[in-house]
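Let's take a friendly walk through this protein chain, strand by strand. Have the viewer open beside you and follow along.

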Amino acid sequence: MGRKDSVWSLGEGQAPEDLEKPIDTPPLSTLLIEKPSSATVPVGGDIVFVAKVEAKDLLRKPTIKWFKGKWMDLASKTGKHLQLKETFDRFTKIHTFEMHIIKAKDNYAGNYRCEVSYKDKFDSCSFDLEVKGWFNSEGQDDAGELDFSGLLKHREVKQQDDAPEVDVWEILKNARPDQYEKIAFMYGITDLRGLLKRMKKMPKEEKKTFAKKLEPAYQVDKGGKIRLVVDLADPTVELKWYKNGQEIRPTPKYIFEHKGTQRIMVINNCSMMDDAAYSVAAGDEKCSTELFVKELPIKIVKGIEPVKTTVNERIELECEVSEEGAQVKWMKNGVEVPTGVRSRYRVKSEGTKHFLVIDDASKEDTGTYSVMASGGTSEAHVQVDLKPLKIYQDLQDMTVKLGEPIKLQCEIYPGNVPGRWYRNGQLIQPSDRINIIHRNKIHRLEIATSSLHDAGDYTFVPEGYSQSLCAKIHIIDPPRVHLESLNFPDNTVTIVAGNKLRLEIPISGEPAPRVVWMKGERSGHRVRAETHGDQTSLTIEVTEREDSGNYKIVLQNEAGEDTASVKIKVVDIPDAPEAPLVPEVGGDWCSMTWEPPKYDGGSPILGYFVERKKKQSSRWMRLNFDLIKETQFEPKKMIEGVPYEVRIFAVNAIGVSKPSEPSKAFTPLAVTSEPTMLVVDDVTDTTVTVKWRPPETIGAAGLDGYLVEYCIEGSETTSNVVKGPYRLCDADDWVISNKELTEKTKYTITGLSPGCKILVRVKALNAAGASAPRTLQHSILVKEVVEPPKIRVPRHLKMTYTRRVGEAVNLVVPFMGKPRPKVTWLKDGQAIEPTHVNIRNTDCDSIIFIRKAERSHSGKYEMSVQVENHKDTAIIDIQIVDLPGPPQAVTIEDVWGGNVALVWTPPKDNGNAPITGYTIQKADKKTMEWYTCIEHYHRNCITITELVVGNEYFFRIFSENMCGLSESATQTKKSALIVKEGKNYCPVYHDFKEAPKFTQPLINTFAIAGYNATLNCSVRANPRAKVIWMKNKMTIIDDPRYRMFSNQGVCTLEIRKPSPYDGGMYTCKAINDLGEAQVDCKLEVKG
């Protein structure tokens, strides 16, 4: 009976134990160029879903999977109702994947998913299938087909579980939607979405007939018994059972039982005819199931036995099976035995026994016979041999040298039996060289001249008999090495190291000689020797210099021995030279030497390459493109002060060696140029002071210091050496004055004898050495000279030196004179008190310092320097200035029209500086807010114009000098009322006073950290209100991060570069005599 296709529907969703596990999916990418979309199909209809993938960038076919629900893979569900197809268009480079659903059923509806993956790329698409109409079991040929293996698993679980069955559908129908997931988890429902969709489509039933319906499928073994059970909600309903639509009547085979509300049909002694669809009808409701009858396999109880017989005998093979009437199949060597009328084989059976009979056996009946049943097989070997033959003389094995004759002879009975001669299984035919003789009982084979092809196994087969006579002929030939065919001079092979060497040498000998390769007296340990047929080969995959030497080939077989030698010479690049030496370094050059490499690679050294690099760099630069024949070189054009390294390559005919180790790092350095402008600065009875300027060229090595040397004129070595305007000294006459280098450009040579004459020179030293010396042009007489004093007053001190009160005064006045002059200071002819003014004197200048100047420090300071009877004086005028006082009196001279004439007197205190101008301001009597009318005004009277008629004004004046405006101003005592001409103006006074009131409140603000933020509001009040800013109810006072402004009632708080900690609740509070008001806002600072 053929197998029925299993239904792959019933989307089961994700397993309960995997609900809480995250589903790992590869990162999504775009692979699908056409995705399957949701569709609707009627029950019994066909539908195709198509997915396309572009393969231009793919090296192989992508992997595609089709799923139903969350995890059911449809690849294992293919059959009559589901087919998966794929095609590839070579022109468009597009893979097309199709899923065909044939004769759709209601339970095929649900959510599907298509997943495509290629290496690390992944793409997926979900779509829904809706099946319209309900499934009718009577109108479908394949009604009731299910996933049988899955249903059996579910049934086994139910049999093991003693808990009462629960109708999940009823629970879901009566539950609230928010309880669906809890119920699904409690009862192990994995495809909740599919169940809910199906529940929506189900018609609402007013009354149920079946409390429990038939299982979807049942299975029973052939010959067994099965019980089909339904549970009725209404026991009074009449019940009818059907098989394939035909009503079933009670018989001994079909027994109907009643147990309470249960109705049971028992099927006894099930056969293959009972494999059908069963249904039960109760009123208008019907339920169905399908019964699968499993046929038991036919087993072989007793197998066939092997048979060994001779020609013309009867052969009978017998086996016994487990069941009568079973069908078996007889096979010979895997091919079914023909059992027709004209066949030599006869088949018969007796009950459970089956026989295969061969009446007249022949040699061709030899083979392996087997019998096959549905439950097993049995096989045995049948051997049919010829009848035995008498052998008086058997064939004898022979060993023959190449070229000698061969004679094989045997004697058998009966003598009239012909036979055939075979060599290595090939029939031997007579020829000019081969002679076959048969005389009575004797059979002989003669070969006149043996060759290598004559060696082998010889067999004489008597015709019609199972026996055969065998002998082995062995042809031998002494071994020989054929080096002459290589055409190598002196049998020497030269190869470059690193290349593969394969040396093939022809050889001969029979039997094939044993070949041994030896290097010296030992076998080569790095070579691979192989022998194939008539040649032997020596292979070295990567040759090295150690592979050079004489290789000996030894051939041996039973016919003799032969030897030969081959010399292999491996040439290589030379070894890397040792690290070069750098004995001398200049400003942009160096000299380097090196030794040749210890091994020249078997080829003479042709020359060398030189490379250099900066020490901190990894890039080497080649210095020569033509080979250097010598072992020394002088690189040039290097950067002074930069550390370098050099290395060497040796070159022979094979190639360039590896680089040598880098030399020790060296830095090209140059000595500085000679110091400049060497002059005598001072001379005393025992010392000489010289000074100079640094060299014009210092270089990268820098300047470590100076070395001062002197030579006493009049010594024996210098008395006769005269050149130019001064005498020359030998190198031994120069005395080093400073044992340690001096970094200053001035030095005093001490310990000299009074009255002697000396020559002085200075050298600049750095890491590269000493520069050329700078020598004084004339000798110096060691004797102190009186120099009259002279004060060198700086240019800015020749005029009045002005500073503000509180600033520091630091004046340096240089002077000259020898010996050191005596310095005195007077202020306005009086001695200066050290507590007020600090004075410090050196050999060449005097410093006057006032830490915090006051106006009392103003005056004329007289400086005197004296050397013996010589004296010089200088006067320095110091003026300390301050802000001026306000004008003494401001009066209103006249008022006419929109004009007011003002007069005032200069201030009593001008701040110790001339008055440079005045600033005039006006204020309306109502607001008393001051506005500047004019600045930097120089006269003591002014007319203010363009005043508003009807307003009453006050005026005030600030005085100004070089330090700025006076700290206070002088205000007019009276006000000026501006009236309209020609009318008597009677002022009407109104009370404009009011408590503070905010006309524009603060607004909640977001600020960015690091950028200034402002908070603005406006307030109206009379008199003017005092504005207070608070943060989180704390008043902001003297905080440099905040700036507060108030102009015409607009209040502004600026927060400089706020941070997240500046966020909070800010409050602006306005207070005057009539009351107070406040507004709040929230500031949030985002980082």
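In this predicted model, strand β20 and strand β27 (residues 376-385) pair in the parallel sense, with 4 bridges between them. To see that pairing for yourself, find Thr310, which stands opposite Asp385 in β27. Now turn to strand β26 (residues 367-373): 7 bridges connect it to β27, and the two strands run antiparallel. Here Tyr369 is the residue to look for, as it faces Ala380 in β27. β26 and β27 make a hairpin, with 2 residues between them.

The β23 end is joined on by strand β22 (residues 329-332), which pairs with β23 in the antiparallel sense over 2 bridges.

Another sheet is worth a visit. This one is also open, with 5 strands in the order β11-β18-β17-β13-β14 and mixed pairing. Its edges are β11 (217-221) and β14 (246-247); each has a single partner strand, so one side of each is left without a neighbour in the sheet. The partner of β11 is strand β18 (residues 285-294), which runs parallel to β11 and is joined to it by 5 bridges. Look for Gln219, opposite Phe292 in β18.

What does the chain look like as a whole? Its secondary structure comes to 4 helices and 88 strands. The radius of gyration is 63 Å, well over the 31 Å that the globule rule gives for 1087 residues, so the chain is more spread out than a compact globule. Along the principal axes, the C-alpha atoms fill a box of roughly 170 × 120 × 55 Å. Of the 1087 residues, 38% are buried. Among contacts with a separation of 6 or more, 65% are between residues 24 or more positions apart. The accessible surface is about 63900 Å², and carbon and sulfur atoms account for 49% of it. As for charge, there are 149 positive and 150 negative charges, and their mean positions lie 4 Å apart.

Let's zoom in on a single side chain. Thr459 sits in strand β35 (residues 456-462). Is Thr459 buried or exposed? With a relative accessible area of 19%, Thr459 is buried, because the cut-off for buried is under 20%. Leaving aside residues up to four places away in sequence, Thr459 touches Arg420, Trp421, Tyr422, Ser468, Leu469 and Cys470.

Finally, a few backbone details. Most residues other than glycine have a negative phi, and most peptide bonds are trans. Against that background, the bond from Glu510 to Pro511 is cis, with omega near 0°; Pro511 lies in the loop between β38 (501-510) and β39 (514-519). Asn1022 and Pro1023 are also joined by a cis peptide bond, with omega about 0°, and Pro1023 is in the loop between β82 (1013-1022) and β83 (1026-1031). Turning to phi, Asn269 is not a glycine, yet has a positive value of about 45°. Asn269 lies in the loop between β16 (262-267) and β17 (277-282) and is exposed, with a relative accessible area of 56%. Met677, not a glycine either, has a positive phi of about 50°. Met677 belongs to strand β51 (residues 676-683) and is exposed, at 53% relative accessible area.

Terms used. Residues numbered from 1 in each chain as written. Predicted model: local features only at pLDDT ≥ 70, side-chain atom pairs only at ≥ 80, totals over all residues. Heavy atoms only, no water. Rg over C-alpha atoms; globule rule 2.2 N^0.38 Å. Buried < 20%, exposed > 50% of the residue type's maximum accessible area, 1.4 Å probe, protein only. Contact = heavy atoms within 4.5 Å. Areas by Shrake-Rupley, 256 points an atom, 1.4 Å probe, with all protein chains shown as cover. Lys, Arg positive; Asp, Glu negative; His and termini not counted. Charge placed at Lys NZ, Arg CZ, Asp CG, Glu CD. Pairing = 2+ DSSP bridges.
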